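Subject: Structure for your files

Hello,

Here is the structure I said I would send. My notes on it follow below.

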Amino acid sequence: MRDAAQLKANRRGIVLMSAAMAFFVVNDALVKFVSQSLPTAQLIFLRGVMASVLVFAVARHLGATARIVDAARRPVVVRALVDAVASLVYLVSLFHLPIANATAINLASPLFITLLAVMLLGERVDAGRWLSILVGFAGVLLVIQPRGEGFNAYALLCLVATVLHASRDLLTRRIPAGIPSILITLATAIAVTVLAGAVSLVEGWRAFDARQLGLLALASGFLAGGYYCIISCMRAGELSLIAPFRYTGLLVALLLGWAVWGDVPNLLAWVGIALLVGAGLGLLRGERRRAATPGSGS
């Protein structure tokens, strides 16, 4: 039976995951709106500068800056770089896709986490979990709908970002527990900013006004909150229980997509979204059963 500490960590992880997804989706909506008039890299750079300053201020308030060298440790830097590339790739795809569809593809991440755990960590997966992975891939394909004139290369780019995000979450587990989550958040924000800044030198800049800067400032707050919550939840609790709660972000994304852009997924996309949710719940049910079996182990 799970002890009280484990149950508390799981509940905290679920709340943090749900909060992170809401933060990220609102951030996505804000930057998607601003992206109509600003180049992608410039937008990400400006938002990243503000997010980095905000996170540094919070870290200083918490006294974590006394250990700032921890932010430069190899596991933290590697995770930050993977997150930076994933963020850039995802946002490029987001700016060319309906927000609900992009979020649905990104929500395949729990399935990729399982797949990567098998490939990289040597975990054993039973038939039920493999079935969930296959059903999840079917859901992704239905959302992407890669056929004839309906094919969109940006949907495949979004899928690449999803794999990178899953890799990032596995890397989070490898960071020593003694390193404060706020410093990992800071390293991530800085890495995203530096990468976007480098790309912006090639892509070019456009003039921006106070309204655009204000929206990006608001987005940076949601982004920083999402970074911290996703890092914190991945460092405690059971991943198999917490990861499927990424799907809570889909409700926020659908609502924003409809309210702001009038995006409504077609029938095939709805079926795909249902398969993704079902696959995630199947993984959760199988993992909980496995955890309750004596001597099952990882």
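Confidence in this predicted model is lowest in helix H10 (residues 239-242), with a mean pLDDT of 71, and highest in helix H2 (residues 40-62), at 95. pLDDT is the predictor's confidence in each residue, from 0 to 100; helices are DSSP runs of H or I with at least four residues, numbered from the N terminus. For the protein the mean is 83, and 88% of its residues reach 70 or more.

Residues are numbered from 1 along each chain as its sequence is written. Local features need pLDDT of at least 70, side-chain atom pairs count only at pLDDT 80 or more, totals for chains, interfaces and linings use all residues, and side-chain values use heavy atoms, without hydrogens or water.

Helix H3 (residues 74-94) packs against helix H8 (residues 181-203) at about 50 degrees, the axes being 8 Å apart. Axes are lines fitted to C-alpha atoms over the stretch in contact, and angles run from 0 to 180 degrees between N-to-C directions. Residues of H3 including Val76, Arg79 and Leu88 meet residues of H8 including Ile184, Thr188 and Val199 (contact: heavy atoms within 4.5 Å).

Leu275 belongs to helix H12 (residues 267-292). Its relative accessibility is 28%, so Leu275 counts as partly exposed (buried is under 20%, exposed over 50%, partly exposed in between; 1.4 Å probe, protein chains only). Beyond neighbours within four places in sequence, Leu275 contacts Val135, Ala138, Gly139 and Leu142. Gly136 is 139 residues from Leu275 in sequence, but their C-alpha atoms are 6.1 Å apart.

Regards

Note on methods
Helices (H or I, at least four residues) and strands (E, at least two) are DSSP runs, numbered from the N terminus.
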